[in-house]
Amino acid sequence: MRGLRRVAWIAALMWAWCAAARAQDATPPASQTAAGPLTLRRAIELALQNSKDIQVAKIQASIADHAALISRAEFMPNLYAGSGAGYSDGIPETPGGRAPSVFNMTYTEKVFNEPLRGQGKELQEQARSQKILLEDMKNSVIARTAAAYLELGKVRHSLELLRKEQESTEKILQVTQERQGEGYELPVEVTKAQLTKAQVVQRILQLEGREDELEVFLRNQLGLGQDQVVEVTPEDLPGEAEQEGANLIAMTMQNNTGLRIAESDVRAKEFRLTGEKRGYLPTLELVSVYSLLAKYNNYAQFFNHFQKNNFNAGVQVQVPLFSARTKAAIGLAKVNLDVAKANLSNKKSEVSADVRLKTRRLRERDAAKEVARLELQLAQQNVAVLQSQFGEGKLNLREVEKARLDENEKWMAYLDANFQRQQAQIELLRTAGLLDKVWQ
């Protein structure tokens with residue numbers, strides 16, 4: 001009886017495990033399951049996690065770090081083991097000048113070599129520049145993602161308005177055709193109504209194409225499934241880019257990635273020049289060699305005493321008495337530093353002018369948005385008045401539908417003005433180096 005219970009218990013456990021496995025297999029991947037609306041913040045987080053451009057920038061930063069380590073390694077202990085075994089006839093020696101050995105071990109460590117140290121500091125500064133470029137790539141991904149997200153919301157809202165316009169144009173066309181049949185309208189009015197309807201259909205098709213482009217871009221950028229629906233919500237950018245002119249320029253001078261890279265390049269060239277100028281100083285290196293020699297190289301025939309195990313340790317010092325290379329290297333380093341300083345000065349002027357231009361552009365977009373808002377408000381009030389007159393029988397349906405068409409056009413103009421204002425804000429935030437900080 002106990003054996004039967006155990007068999008039944010094992011069978012029930014296996015059945016439950018199989019059912020769980022089937023349920024897991026039936027569950028679609030997370031990227032293809034239905035999801036709620038995607039917020040702008042979440043879209044940016046996904047883009048930063050899945051962007052291929054950021055992954056490439058990280059690899060390039062890692063390459064720069066490893067390149068800097070190569071120069072630093074010369075000032076760290078280095079131990080090499082090998083063999084110089086070979087046949088010798090006559091004085092035992094090798095092409096490298098060392099005695100033939102069955103086994104040898106060499107230790108080296110540079111202690112004082114200022115030109116090489118300067119090159120190492122230059123490479124370390126270049127590695128820091130790659131990290132700044134990585135930040136710039138993140139800002140670029142944020143800007144592209146935010147712009148696509150906001151534009152997709154605008155396009156979908158515009159499509160809703162255009163589909164309402166399509167209904168209004170159909171009503172206007174129907175009323176115009178009826179009035180023509182009754183002799184109250186000329187054929188040209190029917191043609192105008194047909195043209196208006198065709199133009200609305202054309203704009204709908206254009207916006208549907210743009211909607212598809214933006215959805216494909218966002219799916220690829222965010223790492224979503226190809227069949228997953230991208231639902232966006234009406235949002236505005238967090239934070240404010242409108243700072244006082246002097247304050248914003250000061251922040252830009254501290255955070256702009258282009259300026260930071262130019263400043264890093266100047267520091268790197270200064271390190272290189274300092275190192276090259278110290279090339280007239282002596283160099284010092286710790287060295288140590290162990291060699292295991294063999295009698296078959298005829299050491300006893302050419303030397304008074306043969307010793308199997310040999311060890312040497314000491315320092316290797318070189319004092320430059322005359323070095324044409326050092327003088328040429330200093331001249332080249334000076335030229336490179338002058339070029340880097342000139343680039344930095346030009347970059348400061350360029351960034352200062354750019355932030356002023358984009359600040360003015362943002363204010364212009366603010367003014368355009370306010371104008372579009374008031375025009376929309378006026379159109380809405382006009383529709384309310386005409387609807388009241390239509391209810392009193394003073395106007396026909398065509399006049400009311402025309403007013404609604406005008407209202408929809410003002411709505412779309414407002415959406416365009418708002419999106420252009422958001423784009424100007426994104427550009428200003430990126431130029432000021434504040435784009436990633438508004439989402440922190």
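Colleague: Which residue does Glu-215 form a salt bridge with?
Modeller: Keep in mind that this is a predicted model. The closest N and O atoms of the pair are 3.7 Å apart, and the partner is Arg-219.

Colleague: Is Arg-219 buried or exposed?
Modeller: Buried means under 20% relative accessible area. Arg-219 comes in at 10%, so Arg-219 counts as buried.

Colleague: Which residues are linked with Glu-215 and Arg-219 in a network of salt bridges?
Modeller: Side chains of opposite charge can pair when their charged atoms come close. Here the network of salt bridges takes in Glu-215 and Arg-219, and the other members are Arg-156 and Glu-211.

Colleague: How far apart in sequence are the parts that Glu-285 and Lys-110 tie together?
Modeller: These two form a salt bridge, with the closest N and O atoms 3.6 Å apart. Glu-285 belongs to strand S3 (residues 283-292) and Lys-110 to strand S2 (residues 103-112), so the parts they tie together are separated in sequence by 175 residues.

Colleague: What about Arg-421 and Asp-366: which helices does that pair tie together?
Modeller: Their side chains meet in a salt bridge at 2.5 Å, N to O. The two parts are 55 residues apart in sequence, because Arg-421 and Asp-366 lie, respectively, in helix H10 (residues 397-431) and helix H9 (residues 324-391).

Colleague: And how many salt bridges does the structure hold?
Modeller: Glu-285 with Lys-110 is one of them. For the whole structure, the count is 29.

Technical notes: Residues are numbered from 1 along each chain as its sequence is written. This is a predicted model: local features need pLDDT of at least 70, side-chain atom pairs count only at pLDDT 80 or more; totals for chains, interfaces and linings use all residues. Side-chain values use heavy atoms; hydrogens and water are left out. A salt bridge is a side-chain nitrogen of Lys or Arg within 4 Å of a carboxyl oxygen of Asp or Glu. Helices (H or I, at least four residues) and strands (E, at least two) are DSSP runs, numbered from the N terminus. Buried means under 20% relative accessible area, exposed over 50%, partly exposed in between (1.4 Å probe, protein chains only).
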